[in-house]
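Please open the model in your viewer and keep the selection tool at hand. The stops below take one site after another, and each says what to select and what is there.

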Amino acid sequence: MPMLEQLRFDNTYARLPAGFGVALRPTPFPDAHLVSASPSALRLLDLEPSEAARPEFVQAFGGARPLPGMEPFAMVYAGHQFGVYVPRLGDGRALLLGEVLNSAGERWDVQLKGSGPTPYSRMGDGRAVLRSAIREYLCSEAMHGLGIPTTRALCVLGGGEPVYREEVETGAMLVRLSPSHVRFGTFEYFHYSEQHAHVKALADYVLGRHFPHLVDAPEKYARFYAEVVERTARLIAQWQAVGFAHGVMNTDNMSILGLTLDYGPFGFLDDFDPGFVCNHSDERGRYAFDQQPRIAMWNLACLGEALLTLLSEDEARAALGTFQPTFATHFLARLREKLGLRETREEDRNLIESLFARMAQAPVDYTRFFRALGRFDSSPEARNEALRDHFVDREGFDTWAADYRRRLAAEGSQDAERRARMDRVNPKYVLRNYLAQTAIERAQAGDFREVNRLRALLEDPFSEHPEHNASAEPPPTWGRHLVVSCSS
Ligand code: AMP
Ligand code: MG
């Protein structure tokens, strides 16, 4: 494994024609230090976990002493924020340090978030706070552990500098890894500012780097858009299946690769509440949990519009029209897995919908219920008391359980084998808000052990970890309605 000093950096994005952003030096913290680094993310850069403990690591990734080949660059973009078009956004507090080519031939964007002001900072200070850096760090690695496409988090760096939000907070930086940081809003920026040659240059860049199979294909831009629709539909199906609410699905937070991007006031469902709004600032519930598929499609329509110099309206409409069926197919497939069903039957949709209706009514803890459902005893005399106890209306559950038992019998399901399958898709551990909050409070007091413990646990959320059982508990009263907002 190479040392830090042997990393090879490039920055192809910074070499795009003028107008894609600005080259800029980061403003490091005077006394930066490591809060936590993700061993599995380090390995993506071919780095041994021990490299993160070196002072040179903090200096290099914290922007104080850039490594050879790094060309820090702030990307410009735009976006629809809460439905309103904002013509110019951009990396207001982040810099693309460069791209690392790893030994597997992958190219990883390395982005430093919280790196100081840029021309896109608007009224902001260009900084991030420890609270939000830890939330993004833990959730990126947790989503990866859940098998959901996401940007990754290399590390959180702390700095003594105070940062002013609603109150004084501890400043921090996050180093993010992604195959790409291009957003729907990057295309929107060039389209709406009528820089059509740049729309094409960006599309060609994205195709060359991420859709190489399309570079020489006929109707390549239409097919590219169709693939983004497909990837986004699949991603949202995964979010809905695991109970994840993003919180700020503005088009500038939508990845062109269908990755979960820009973790702000996200939340995992505790109790199953379809209308769950995790972002305190989202007063109208635009980004409520059950709105995510509709919003994703709305965002994709914005992207389609921004590509209209490269594809026809008919092509855009046809591709967008695949969103609903693709989402429905993937969502049903995920839910069948969660129920341990191998075969596809007409009645499955009803079985799922009636379960959700009963879960919402109770309400039932989403993650705990599905994990427990793996222990369903399908023998006719079994009462499944532990499962029944999740519900207030226990007879209602019995009715559903009778249907479920029949459905399992119809495909000759074996309890032990099914349980093993279900345990691989129904996580025991998710990053509940209260868990993140505890880790944050300890880190603010200088103790990073809880951050590290959670990161390691959430990397493997499907296994039983008896010593960490407490982290699978529903939130205590104080942790039920924690306020999370955009100000991060
Ligand atoms: P977000 O809500 O984090 O997706 O941010 C929306 C836009 O505001 C992005 O262009 C960010 O770069 C910018 N932004 C957010 N927070 C700050 C900050 N503290 N300083 C400068 N720009 C910021
Ligand atoms: Mg953003």
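Begin by selecting Y287, which touches F82, G83, G247, V248, M249, N250, D282 and I295 when residues up to four places away in sequence are not counted; contact here means heavy atoms within 4.5 Å. Before going further, note that this is a predicted model, in which local features need pLDDT of at least 70 and side-chain atom pairs count only at pLDDT 80 or more, while totals for chains, interfaces and linings use all residues. Residues are numbered from 1 along each chain as its sequence is written, chains are lettered from A and ligands numbered from 1 in the order in which they are written, and side-chain values use heavy atoms, with hydrogens and water left out.

Stay with Y287, whose place is in the loop between β13 and α7; helices (H or I, at least four residues) and strands (E, at least two) are DSSP runs, numbered from the N terminus. Y287 counts as buried because its relative accessibility is 1%, where buried means under 20% relative accessible area, exposed over 50% and partly exposed in between (1.4 Å probe, protein chains only). The side chain of Y287 makes a polar contact with the side chain of R286 at 3.1 Å, and a polar atom of the Y287 side chain lies 3.4 Å from the backbone nitrogen of F82. A polar contact is a pair of N or O atoms within 3.5 Å; within protein, one must be able to donate a hydrogen and the other to accept it, and residues adjacent in sequence count only if both atoms are side-chain atoms.

Now select the magnesium ion (ligand 2), which is coordinated by N253 (OD1) and D262 (OD) at 2.0 to 2.1 Å. Donors are N, O and S atoms within 2.8 Å of the metal (3.2 Å for Na, K and Ca), and since water is not among the atoms, sites may look incomplete. Both N253 and D262 are buried, D262 with a relative accessibility of 13%. D262 is found in the loop between β12 (244–245) and β13 (267–268), and its side chain makes a polar contact with that of R183 at 3.0 Å. Leaving aside neighbours within four places in sequence, the residues in contact with D262 are K113, R176, R183, H246, D252 and N253.

Move on to helix α5 (residues 196–210), whose 15 residues should span 21 Å at 1.5 Å a residue, in agreement with the 21 Å between its end C-alpha atoms; the expected span is 1.5 Å times one less than the number of residues. Among the buried residues of α5 are H198, V199, L202 and Y205. To see what covers the buried residues of α5, show elements including β7 (94–101), β8 (107–113), α4 (184–192), α6 (220–242) and α7 (292–306).

Next, select C139, which is buried with a relative accessible area of 0%. The closest cysteine sulfur to that of C139 is in C278, 10 Å away and therefore too far for a bond. With a disulfide taken as a pair of cysteine sulfur atoms within 2.5 Å, the count comes to 0 disulfides.

Finish at A386 in helix α12 (residues 385–388), which counts as exposed at 61% relative accessibility. The C-alpha atoms of A386 and F376, 10 residues apart along the chain, are separated by 9.1 Å.
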